[in-house]
Each structure stands twice: as structure tokens, then as C-alpha cells.
Amino acid sequence: MGAQESRVLRTAPLATPTDLKPNAVRDLAGELNILLADMFGLYLKTKNFHWHISGPHFRDYHLLLDEQSEQIFATTDAIAERVRKIGATTLRSIGHVTTQTS
Ligand SMILES: [Fe+2]
């Protein structure tokens, strides 16, 4: 695949079938992407506590926060794929996440 063909494919509209009107796709995708960015933020904050907690209950909290972070992370794929399913695009980078957090 040449550079020209690659560029065309990158900017091609998504041919994802949906019954939603374009305004609804835009609004839903916008809100879902904000939610997704917030989930990544919450995931990292939870990991932060998991990594840095100390004290007499270290082990219990360390394990609890790890389990919680896994559950938070597990939601991200479903949210992102829901955005794609309605024909919109979702987050592409950490930089993109920082522009979407509420
Ligand atoms: Fe860990």
C-alpha cells in the first residue's frame, strides 16, 4: 500500500450502518468519548493509589485497588467499541484523552 492510498483510507468516511441521525451520532459519540476519557483517568488514579498506598492495611488495600482498577479498565473497550459501532471515531492517544476529560 502506497502513501497516497494509505492517506485516502485514513480520511475515508466510516461506512458503519446505523439508524441514528448524524446529530445523534455526534452527540452520543461526544458524550461517550468524554466518559471513556474519564474512565481512563479514573483507572490511572486507582492504579496510583494501588502503587503508592502504605501503612498497616497495605496488602488489603493494594489488592482491593488492583481489582477495582481491572474492573474500570474492562469497561473501556465496550465504551470505545460502542462509539465505533455507531459510526464515529474514538480516542487515539493520551493527548486525546486530556482534551476530552470533564
Ligand atoms: Fe500491581
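This briefing describes the pocket, the nonpolar cores, the aromatic pair and several individual residues of the structure above. The model is predicted. Its largest pocket has a volume of about 180 Å³, and its largest nonpolar core has eight residues. One aromatic pair is present in the structure.

**The largest pocket**

- Seen by residue, the lining of the largest pocket is made up of Phe40, Gly41, Tyr43, Leu44, Phe73, Ile94 and Val97.
- Helix H2 makes the greatest contribution to the lining, with four residues.
- In terms of residue class, the lining contains six nonpolar residues and one polar residue, while charged residues are absent from it.

**The nonpolar cores**

- As a general background, nonpolar side chains tend to be buried together in soluble globular proteins.
- The members of the largest nonpolar core are Leu36, Ala37, Met39, Ile72, Ile79, Ala80, Leu91 and Val97.
- At least two residues of this core come from H2, and at least two come from helix H3 (58–85).
- Another core, of five residues, lies apart from the largest one, and its members include Val25, Ala29, Val83 and Ala88.
- Isoleucine 79, a member of the largest core, is in contact with Leu32, Leu35, Leu36 and Met39 when its neighbours within four places in sequence are set aside.

**The aromatic pair**

- The structure's one aromatic pair consists of tyrosine 43 and phenylalanine 73, whose ring centres are 5.1 Å apart.
- The planes of the two rings stand at 45 degrees, and the pair is therefore tilted: planes under 30 degrees apart would count as stacked and planes over 60 as edge-to-face.
- Because tyrosine 43 belongs to helix H2 and phenylalanine 73 to helix H3, the pair ties together parts that are 30 residues apart in sequence.
- Tyrosine 43 has a relative accessible area of 22% and is partly exposed.
- Phenylalanine 73 is also partly exposed, at 42% relative accessibility.

- Asparagine 33 is placed in helix H2.
- Its relative accessibility is 8%, so asparagine 33 counts as buried, the limit being under 20%.
- Beyond residues up to four places away in sequence, asparagine 33 touches Val83, Thr89, Thr90, Leu91 and Gln100; of these, Leu91 belongs to the largest nonpolar core.
- Serine 69 is part of helix H3, and with 0% relative accessibility serine 69 counts as buried.
- Not counting residues up to four places away in sequence, serine 69 touches Tyr43, Thr46 and Lys47.

**Other residues of helix H2**

- Leucine 44 has 51% relative accessibility and so counts as exposed, for which the value must be over 50%.
- A separation of 14 Å lies between the C-alpha atoms of leucine 44 and threonine 75, which are 31 residues apart along the chain.
- Isoleucine 34 is likewise found in helix H2; its relative accessible area is 27%, and it is partly exposed.
- The C-alpha atoms of isoleucine 34 and threonine 18 are separated by 21 Å, with the two residues 16 residues apart along the chain.

Conventions: Residues are numbered from 1 along each chain as its sequence is written. This is a predicted model: local features need pLDDT of at least 70, side-chain atom pairs count only at pLDDT 80 or more; totals for chains, interfaces and linings use all residues. Side-chain values use heavy atoms; hydrogens and water are left out. On a 1 Å grid over the protein atoms alone, a cavity is a set of points where a 1.4 Å probe fits but cannot get out, and a pocket is an open set with protein on both sides within 12 Å along at least five of seven lines; lining residues have an atom within 4 Å of a point. Grid points are joined across faces, edges and corners, and a volume is the space filled by probe spheres set on the points. Ala, Val, Leu, Ile, Met, Phe, Trp, Tyr, Cys and Pro count as nonpolar, Asp, Glu, Lys and Arg as charged, and the others, Gly among them, as polar. Buried means under 20% relative accessible area, exposed over 50%, partly exposed in between (1.4 Å probe, protein chains only). Contact means heavy atoms within 4.5 Å. A nonpolar core is a set of buried Ala, Val, Leu, Ile, Met, Phe, Trp, Tyr and Cys residues joined through side-chain atoms within 4.5 Å. Rings of Phe, Tyr and Trp (its six-membered ring) pair if their centres lie within 6.5 Å; planes under 30 degrees apart count as stacked, over 60 as edge-to-face and the rest as tilted.
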